Amino acid sequence: MTDFSHPIFARLYPRLDAACARAGGDAHRAELLAGASGRVLEVGAGYGANFPHYPAEVTEVVALEPEPRLRAKAGHAAGRAPVPVTVRPGVAEDLDADDASFDVAVASLVLCSVRDPARALAELRRVLKPGGELRYYEHVRGTTPGKRRLQRYADVLWPYFAAGCHVSRPTSELIAGSGFTVRDERRFDFPDSGPGNPASPHVLGIAIRD
Ligand SMILES: C[S@@+](CC[C@H](N)C(=O)[O-])C[C@H]1O[C@@H](n2cnc3c(N)ncnc32)[C@H](O)[C@@H]1O
């Protein structure tokens, strides 16, 4: 696997995310996973912020994380999770999993960072059972010309400071164009910090593998 080491990001992200959690991020993660069941694949699990939110109906979570320091933290979080979680190295674009082997796939704040989102979505589709769910919580391209312009400018430097994250990705449209049918999706700004935050447009949704 290519070197995914981002030591500064790995140290800062859990602290930044803790602030987001208090501002409503924890509730978003709970909403993301409410009603999930069966075998789950989570890609780019970070330090395991979703783990406490998996419902008891989930029988197993396989959580992939390519960044070594975040993966180690996720390993600790797995030990405290309410359901069985196995943490492994791996990237979303090249999943070491059989076709149609998962009931649910989870992508939270990760499709902005993968190097090839179309390939990642094709892989997620491949490993989901027909009718399986892609549950996603992502920051996405804005809807207004002003926000989109801000995001294009931000993306010149943003990926260097945020471990490859891009704020202008049209993730929602990419999901809909990758063999998924969007069942539920809601859009909102988070944190609600006005027009100056290029990463504020978010989506939270469930798409079904066709
Ligand atoms: C902003 S963090 C989000 C972490 C976690 N999903 C969450 O909701 O807190 C983005 C994560 O994506 C991971 N990542 C980056 N490129 C990836 C790839 N190609 N495949 C899987 N994960 C990747 C990073 O290492 C990082 O953990």
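Predicted model: local features only at pLDDT ≥ 70, side-chain atom pairs only at ≥ 80, totals over all residues.

**Fold of the chain**

- Read from the N terminus, the elements follow the order α-β-β-α-β-β-α-β-α-α-β-β.
- The protein chain is as compact as a globular protein of 210 residues, because its radius of gyration of 16 Å is close to the 17 Å that the globule rule gives for that length.
- The C-alpha trace spans about 45 × 35 × 35 Å along its principal axes.

**Interior and surface**

- Of the 210 residues in the protein chain, 50% are buried.
- Among contacts with a separation of 6 or more, 71% come from residues 24 or more positions apart.
- The protein chain has an accessible surface of about 9800 Å², and carbon and sulfur atoms account for 55% of this surface.

**Surroundings of the ligand**

- There are 19 residues around the ligand, and those that come nearest are Tyr13, Gly44, Glu65, Glu93 and Ser108.
- This shell consists of eleven nonpolar, four polar and four charged residues.
- Helix H1, formed by residues 7-33, gives the most to the shell, with three residues.

**Polar contacts and cover of the ligand**

- An N or O atom in the side chain of Tyr13 is 2.7 Å from an oxygen atom of the ligand.
- For Glu93, a side-chain N or O atom is 2.8 Å from a nitrogen atom of the ligand.
- In Ser108, a polar side-chain atom lies 2.5 Å from an oxygen atom of the ligand.
- On its own the ligand has 590 Å² of accessible area, and the protein covers 96% of that area.

Definitions and conventions
Residues numbered from 1 in each chain as written. Heavy atoms only, no water. Near = heavy atom within 4 Å. Polar contact = N/O pair within 3.5 Å; in protein donor to acceptor, adjacent residues only side chain to side chain. Areas by Shrake-Rupley, 256 points an atom, 1.4 Å probe, with all protein chains shown as cover. Helix = DSSP H or I, 4+ residues; strand = E, 2+ residues; numbered from the N terminus. Nonpolar A, V, L, I, M, F, W, Y, C, P; charged D, E, K, R; others polar. Rg over C-alpha atoms; globule rule 2.2 N^0.38 Å. Buried < 20%, exposed > 50% of the residue type's maximum accessible area, 1.4 Å probe, protein only. Contact = heavy atoms within 4.5 Å.
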